[in-house]
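Biologist: I would like to learn how to read a structure like this one. Please start with the overall build and then go to details.

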Amino acid sequence: MAYPGYGGYGAPMPGMPQGMHPHSMQMAGHHMAQMGGPPQGGYAAYGGPYQGATYGAQQPPTNDPMWGYFTAIAGQDGEIDADELQRCLTQSGVSGTYSPFSLETCKIMIAMLDRDHTGKMGFNEFKELFTALNGWKQNFMVFDRDRSGTVEPQEMSQAVSAMGYRISPQALSVIIRRYSKNGHIFFDDYVACCVKLRSLTDVFRRRDTMQQGAVSFQYDDFILCTMSI
């Protein structure tokens with residue numbers, strides 16, 4: 001049974017268009033590695049942590065190809081803040097021919113995965129982010145057929161649906177107005193929208209234990225959830 005607001009458990013992975021096989025994610029990740037960015041694997045479960053992720057200071061396997069890349073850009077504390085993430089994403093070429101990510105988008109990327117509320121990103125969160133970004137980029141490119149670096153409002157609606165979300169026309173209209181510039185949605189704004197959709201959906205989903213499409217928030221909890229993204 002489809003869950004109101006997004007596909008049911010087992011719906012398309014975040015950012016992966018309908019019909020796209022995880023193997024294509026791996027191939028795209030291999031291409032990114034050739035550009036200097038870390039290689040990619042398949043998606044983690046939607047809304048869940050990166051497979052095998054543990055919290056704390058557990059040392060990753062020494063043969064993990066992303067570990068050396070992470071330590072080269074992480075601060076002395078072994079984590080990445082928004083400024084470091086922005087430099088990392090720019091240098092990795094993950095945005096391809098699209099404009100580099102703004103600092104604000106990098107901040108909300110960290111907020112999306114900042115489960116310990118440090119304002120920074122650890123290694124497992126870093127890996128999960130690159131997996132999500134790879135999928136969102138693939139989704140964006142499906143609809144940016146002319147490679148203009150933008151998608152049209154109608155294409156944005158299709159992209160949101162392709163990610164498994166079920167949103168009313170009124171809500172889609174609000175999203176498009178919020179993230180479009182002169183009638184176009186640029187890649188940076190598209191990713192910002194994806195981050196917000198995923199984050200708020202995850203917040204809602206965790207509280208809707210009966211899968212009824214309705215939850216009850218205390219005011220302070222609502223402010224905390226919405227203002228942190």
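Modeller: Helices (H or I, at least four residues) and strands (E, at least two) are DSSP runs, numbered from the N terminus. The protein has 9 helices and 2 strands, in the order α-α-α-α-α-β-α-α-β-α-α along the sequence. This is a predicted model, where local features need pLDDT of at least 70, side-chain atom pairs count only at pLDDT 80 or more, and totals for chains, interfaces and linings use all residues. Residues are numbered from 1 along each chain as its sequence is written, and side-chain values use heavy atoms, with hydrogens and water left out.

Biologist: How many residues of helix α5 are buried?

Modeller: Buried means under 20% relative accessible area, exposed over 50%, partly exposed in between (1.4 Å probe, protein chains only). In α5, 18 of the 21 residues are buried. For the protein, with its 229 residues, the buried share is 46%.

Biologist: What span should helix α5 have?

Modeller: The expected span is 1.5 Å times one less than the number of residues. Helix α5 (residues 123–143) should therefore span 30 Å, and its end C-alpha atoms lie 31 Å apart, which agrees.

Biologist: Is Y179 buried or exposed, and why?

Modeller: Y179 counts as buried because its relative accessibility is 8%. Y179 belongs to helix α7 (residues 169–179).

Biologist: Which residues does Y179 touch, leaving out those up to four places away in sequence?

Modeller: Contact means heavy atoms within 4.5 Å. Y179 touches H184, I185, D189, A192, C193 and K196.
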